Number of protein chains: 2
Amino acid sequence: MALKDILAEKAPKRPGVAAAVVSLREAFGERLVTGEDVRRAHAHTTTYIPNQAPDAVVFAESEAEVQKTVRICAETETPIVAFGTGSSLEGHLNAPQGGISLDLSRMDKVLAVHPEDLDCTVEAGVTRESLNAHLRDTGLFFPIDPGANASLGGMAATRASGTNAVRYGTMRDNVIALTAVMADGRIIRTARRAKKTSAGYDLTRLLVGSEGTLGIITRLDLRLYGIPERILSGVCPFPSVRDAVDTVIQTVQTGIPVARIELLDAQSMQAANAYAKLDLKPQPSLFVEFHGSPASVAEQAETFGMIAAEHGGGALEASSRPEERSRLWKARHDMYWASIALRPGCRGIATDVCVPVSRLADCIDETQADLRDNRLVGPIIGHVGDGNFHVTLLLDMEDSREIDAAEAFMARLAARAVAMDGTCTGEHGVGQGKRGYLEAELGDTVDFMRMIKRALDPKGIMNPGKIFML
Amino acid sequence: MALKDILAEKAPKRPGVAAAVVSLREAFGERLVTGEDVRRAHAHTTTYIPNQAPDAVVFAESEAEVQKTVRICAETETPIVAFGTGSSLEGHLNAPQGGISLDLSRMDKVLAVHPEDLDCTVEAGVTRESLNAHLRDTGLFFPIDPGANASLGGMAATRASGTNAVRYGTMRDNVIALTAVMADGRIIRTARRAKKTSAGYDLTRLLVGSEGTLGIITRLDLRLYGIPERILSGVCPFPSVRDAVDTVIQTVQTGIPVARIELLDAQSMQAANAYAKLDLKPQPSLFVEFHGSPASVAEQAETFGMIAAEHGGGALEASSRPEERSRLWKARHDMYWASIALRPGCRGIATDVCVPVSRLADCIDETQADLRDNRLVGPIIGHVGDGNFHVTLLLDMEDSREIDAAEAFMARLAARAVAMDGTCTGEHGVGQGKRGYLEAELGDTVDFMRMIKRALDPKGIMNPGKIFML
């Protein structure tokens, strides 16, 4: 959605907000903050989508406090925007109609770990890194890794995934149950802790990805996994993106349970070399990781190596030594910083699409041509096992030609993905930025989303203006 | 829910049904059937829940015909019940308020197979066996196996799973997108064919498990898997259910990607021996299956064998020869018939619950004691990797004491599972039979399901009386 459309949107402030702030101050004292810096830091900060700050920020410390906040907001018809760590990319945290940002970061307790059941229960403000730190001595880990050290509540709300979704799935697959405060102030738990259930509508999956528009997630029951006995990571260069993608397709078809398989295009490899002082071949490359027993990992790597060789891939340089693995994945995870270092002074704006993997090489080829044709710089990295890739546009924010060109490019990228039976967002969510693309992608289906929204939040107080306009 | 409560339910027939039948006869000619045998065969037939036949059956042959049927039913406020193969167990197919059974079994075309994407597109009436027959030459398969040769539309509608959900997940995990005719006659596709998406509410997962109460599924995009290079199946006896369950817990914790791990209690083993003329030890046993490369399968079996031995398990008798594997799994799949052969003249009534696996041994022990205390015969088999088990009650349908005892037993079983943070149904669904248990399990959460139902089906024509009463 174009910047100017977001700015031009008619979004009158709700009249009840002032009354809500008075009630909330009574209830929360100094934990109700109205200073501009804090308010702005709780709205959108990560891309060029404008910052639309809330009227106040509440720092909640318990489910009961979340409920109290929602009740006050419900009475006054005041918008309420849940906040975890602020790492979302599509304007989810903005308050275009004013209202309250509900900061859940202090709800940071791991409430229970059940090693026999391979699950745990956490408050919504726990981040994925703090959960994994907590789990360190149990031999278990939580796999979903969207890059940022996001809160688990936020990751559920945006249906986050990341580098190892190809093996472990996304938040959709790893949330067993959610506890949420709904728009009328009632607290529900969507399911029990059983690994599977056929007991009624899947409200867990309805809340996962609902971007705070149906309820405030306060607690999550999450799946855990045993830390693999052996982890082997490596990098393998290819003559072209298509060769790399064909290798991915055959790897997955062969049933190799690859844990990560990430594509970096030639430009990304150059950026990684420069930034991380590496000496990798500046060709399209796959970063891979295998999890399992020593024998299984060796076999996976060997089979992968044979497949790669059939597609012109170079030798797989792989290591199971933690420091080597960390160096490799740090280079991958630092790609945002490496990319913007390609063009000092620029801003890096990340977008994402996802297509059936059979169309991935076409989609990336056409996208690279599009970038060239429009004089845009945008290294491409991808969670290619899932058909998902990112373009990080490196923009001079002072140059309106570039901004316009970037917006037009992103619209074409979304349309290209949808034309290939893909989606305008594989993992970033819709927020404000992709509402227009969502309509183009799903048509009438979005109407049924609106019907659910109106039924569950008739006053429209839950993160209004996100996913779709009512 | 007690039989008498279902029978006593006030469910007045809808006045518009007669007009709907007239319009449908005009539209469908001989494919609108009102004969009693056909009508009764399209309502509930598999347990002791009473048969509540629809007023007519429409045999649809296309999505457009489903849409036409729904539009006629919407105009006349006539209930509409989708029918696949009739294998559901909780009364999903009954028409307590009268109406139309919409038979989708003629919509049996596999529309597309995309080997590179590991997915396919099928009409809702395709059964899982016919899909796998269609796939035979592709090296791919669709794993979900609930036992019956159910239709894929029906399996999605009840969120079916079965023996290999521990490895491949349930219908929830294996439906990429659905096409459905909604209550207002509009056709929506819930998502694109990309493997993952963050594009708005997850209407795919909302329809999966909605039991025909929100829309009629007409088409499915499904995930496929490569047929494993090696499949090894075996059976291993244990001194007790608890030893077997502890073995399962450790197997899953260790990260062995077991494809199937099924528990049969001692009574089930006796039944299997008698029925299938086998000579297995009449002790609680695990039937297991490993999928992978030859080396990986050998390693999985070896590690499993060591874990089993630590828990008093006997030697794992395993084979990768197809005829041996078939013999073993046929014995498992024939357990329904083997069980009822234990008590000639009886009816077998299957129920299911699912608990966190740490509570599974407790739940089964208490359930076996409950059966003994109430003079009920009910062999137990379980998809124990998921904490899911079935009791097949062997009932003399002429003996009202037994029926009453069975109903009371099933209510206690559901309550026991819920008290252990489990669910009243892991895979059979709610239908009519478990509505009361659902309320006990999820409380207020069911209200939010009702709100969604009312929003999407304001006239209440989609399979009324299932999952919950409005």
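Reply: **A serine and its surroundings**

A polar atom of the side chain of A:Ser319 lies 3.0 Å from the backbone nitrogen of A:Arg321. A polar contact is a pair of N or O atoms within 3.5 Å; within protein, one must be able to donate a hydrogen and the other to accept it, and residues adjacent in sequence count only if both atoms are side-chain atoms.

This is a predicted model, in which local features need pLDDT of at least 70 and side-chain atom pairs count only at pLDDT 80 or more, while totals for chains, interfaces and linings use all residues. Residues are numbered from 1 along each chain as its sequence is written, chains are lettered from A and ligands numbered from 1 in the order in which they are written, and side-chain values use heavy atoms, with hydrogens and water left out.

A:Ser319 belongs to strand β15 (residues 317-319) of chain A. Helices (H or I, at least four residues) and strands (E, at least two) are DSSP runs, numbered from the N terminus. With a relative accessibility of 15%, A:Ser319 counts as buried; buried means under 20% relative accessible area, exposed over 50%, and partly exposed in between (1.4 Å probe, protein chains only). If neighbours within four places in sequence are set aside, A:Ser319 is in contact (heavy atoms within 4.5 Å) with A:Ile231, A:Leu232, A:Ser233, A:Glu324 and A:Arg325.

Strand pairing can be followed in chain B. There, strand β12 (residues 230-237) and strand β15 (residues 317-319) run antiparallel and are joined by 3 bridges; two strands pair if DSSP finds at least two bridges between them. In this pairing B:Gly234 stands opposite B:Ala318. β12(B) also pairs with strand β14 (residues 285-292) of chain B, again in the antiparallel sense, over 8 bridges, and there B:Ser233 faces B:Glu289. Since 7 of its 8 residues are buried, β12(B) is largely enclosed by the rest of the structure. B:Cys236 is likewise buried, at 1% relative accessible area.

Two loop residues have a positive phi without being glycine. Phi of A:Glu211 is near 55°; this residue is in the loop between α9 (203-207) and β10 (215-223) of chain A and is buried, at 4% relative accessible area. B:Arg375 has a phi of about 50° and sits in the loop between α15 (360-373) and β17 (380-383) of chain B, where it counts as exposed at 61% relative accessibility.

Last, the two chains. Chain B is superposed on chain A by a rotation of 180° with 0.0 Å of shift along the axis, at an RMSD of 0.0 Å. The two copies are thus related as by a two-fold rotation axis.

Methods: Copies are superposed by least squares on the C-alpha atoms of residues with pLDDT of at least 70 in both.
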